[in-house]
Amino acid sequence: MEIWNRGWRGAMVGRWLGFVTAVWVQCISGNNYTFSNYSGALKTLMGLTQLQLNNLSVAKDIGKAFGIVAGLASDRLPTPIILLIGSLEGLVGYGAQWLVVRQSIRPLPYWQMCIFLCMGGNSSTWMNTAVLVTCIRNFRQNRGPVSGILKGYVGLSTAIFTDICCALFSSDPASFIFLLAVVPAAVCTMAMLFLRESPPEDVEAEDDGDGSQYFAVINAMAVTIAVYLLIFDLTGKHEALVSRAFAVVLLLLLAAPVAVPIHIALKAIHRSGGCREADAEDGVSEPLLAAETEKTEAEVANSGETSGDSAAAEEVVVEEKVERGRRQRPEIGEDHTIVEAVKTIDFWVLFFSFLCGVGTGMTVMNNMGQMGTAMGYTDVSIFVSMLSIWGFFGRIASGSISEYFIKKHATPRPVWNAASQILMAAGYVMMAIGMPGALFIGSVIVGLSYGVRLAVSVPTASELFGLKYYGLIYNILILNLPLGSFLFSGLLAGILYDAEATNTEAGGNTCVGAHCYRMVFVVLALVSLVGIGLDVLLAYRTKQLYGKIHLNKRARDTKAAAPDSH
């Protein structure tokens with residue numbers, strides 16, 4: 001018994017240590033959302049129009065379309081190999097951009113820059129796939145909190161990179177891209193040592209009560225980091241010494257989650273010591289012959305029960321196979337292959353509702369630099385940070401809140417997507433009007449809503465279509481990022497902006513005033529209304545499924561709360 005307990009505890013420590021390293025990977029894998037921080041430098045150096053610049057950002061997002069390869073690989077390659085591929089690809093993609101912006105080399109031809117931006121964008125799909133698939137399989141009873149925390153840290157990663165660059169390098173675009181190239185490679189190298197998928201039997205032994213507490217602790221740490229970043233952003237310019245101190249404290253806060261696996265390890269050592277003492281006392285007080293006699297009697301008594309249980313289990317399995325054969329296709333909530341998933345209405349409702357949410361959100365993120373310039377701001381880093389930080393709050397809160405309402409009221413997760421889309425539509429209307437402070441408030445609203453959409457859609461897909469082929473299904477959904485970027489950012493925003501802009505002597509163009517993006521925001525608001533309707537439809541269609549999930553969670557909680565009968 002002691003050996004089993006020690007083995008389970010060791011697996012639990014390893015699983016949580018892997019989760020913490022996954023959090024660190026997510027802290028540096030949101031590089032796709034940082035384009036606004038250096039897009040102005042690229043536009044000036046290469047003499048681009050806004051449409052050409054937007055198409056560069058589309059090339060970056062198209063990299064996520066090749067995330068399907070990462071999804072296929074996640075079922076065939078170990079997690080460390082997937083992380084290695086992502087880190088090397090990012091090193092090359094962002095390294096080439098760094099050489100151009102630093103002016104170490106002459107600007108590359110437009111098509112070559114598209115390839116390197118595509119590589120940089122694709123690198124994050126390998127990192128995200130490795131982290132999400134592994135952690136959701138390792139903590140399958142807590143998919144909401146796991147998704148919320150991991151996606152939350154992705155949202156924070158833009159603010160982390162932006163604020164560290166501001167603190168140490170005065171927002172220098174070349175230094176910023178250098179961080180994007182080097183830091184993810186270093187963190188992924190470390191994560192390769194610890195992030196592994198746990199065997200199913202170890203996952204089944206998961207302690208739900210302690211797990212909820214540990215997730216709450218990591219949530220609290222994440223909120224602390226977000227508030228810390230928010231305070232730094234809202235307090236304006238800082239002296240060099242203050243900025244360096246800020247960076248040191250930030251790194252310490254990012255390292256803080258490692259306290260969770262350390263605590264689990266210390267508790268395991270303490271319990272194993274107690275088990276050894278208990279075993280020694282039992283050995284003294286109980287004669288060996290009596291123990292052997294009881295063991296023999298128990299084996300004889302249990303043999304009949306075991307054979308009866310085995311026969312019953314085999315009968316249930318046979319019945320399930322017959323039932324599956326009659327149905328010929330899995331029901332919603334069971335494991336689907338990608339072919340089976342795309343044949344369902346629910347998949348396409350989820351797919352297009354996801355497009356309405358993330359596609360419109362990506363438009364604001366990719367164009368925030370030019371939106372700020374159009375509204376008369378010289379430094380747009382504050383808006384980029386607001387998108388990131390409030391995106392974090394949306395992700396971290398929606399994962400836990402949606403999980404709570406499933407457990408308590410069987411509320412379908414898509415309900416929260418609908419709520420976020422309503423809020424996002426309101427933000428677009430506000431920015432279209434162009435009232436004072438609209439860009440600041442709009443960046444907060446869009447960031448928050450975008451974060452909710454990402455965090456809620458991840459566990460929703462796993463609950464609808466199962467975990468067996470989840471890596472591939474997840475990356476099919478992520479196709480909405482490049483698709484939405486192309487439709488709404490590359491075409492819509494680029495064409496409408498260029499129609500309002502005037503040409504410059506350097507060969508590019510510029511536009512100043514609220515009218516530059518007004519029609520863009522109006523169209524985005526209308527698309528959001530379509531998304532609301534799709535989310536409501538999906539919530540209605542999955543109401544029965546979430547009722548079953550609700551009952552399963554309550555039954556498991558009741559069983560965990562029951563006193564040990566042995």
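1. A search of the whole structure finds one disulfide, that is, a pair of cysteine sulfur atoms within 2.5 Å. The bond joins Cys-511 to Cys-516, with an S to S distance of 2.0 Å. The torsion about this S-S bond is about -90°, so the disulfide is left-handed. Cys-511 is buried at 4% relative accessibility, and Cys-516 is buried at 2%; buried means under 20% relative accessible area, with a 1.4 Å probe and protein chains only.

2. The model is predicted: local features need pLDDT of at least 70, side-chain atom pairs count only at pLDDT 80 or more, and totals for chains, interfaces and linings use all residues. Residues are numbered from 1 along each chain as its sequence is written, and side-chain values use heavy atoms, leaving out hydrogens and water.

3. Cys-118 is buried at 17% relative accessibility.

4. The largest nonpolar core has 142 residues, of which Trp-16, Phe-19, Tyr-153 and Val-364 touch the most other members. Such a core is a set of buried Ala, Val, Leu, Ile, Met, Phe, Trp, Tyr and Cys residues joined through side-chain atoms within 4.5 Å. Tyr-153 is in contact (heavy atoms within 4.5 Å) with residues beyond four places in sequence, including Val-23, Ile-218, Pro-257 and Phe-392.

5. In α4, residues including Gly-67, Ala-70 and Ser-74 meet residues of α6, among them Asn-122, Trp-126 and Arg-137. Helices here are DSSP runs (H or I, at least four residues), numbered from the N terminus.

Note on methods: Buried means under 20% relative accessible area, exposed over 50%, partly exposed in between (1.4 Å probe, protein chains only). Helices (H or I, at least four residues) and strands (E, at least two) are DSSP runs, numbered from the N terminus.
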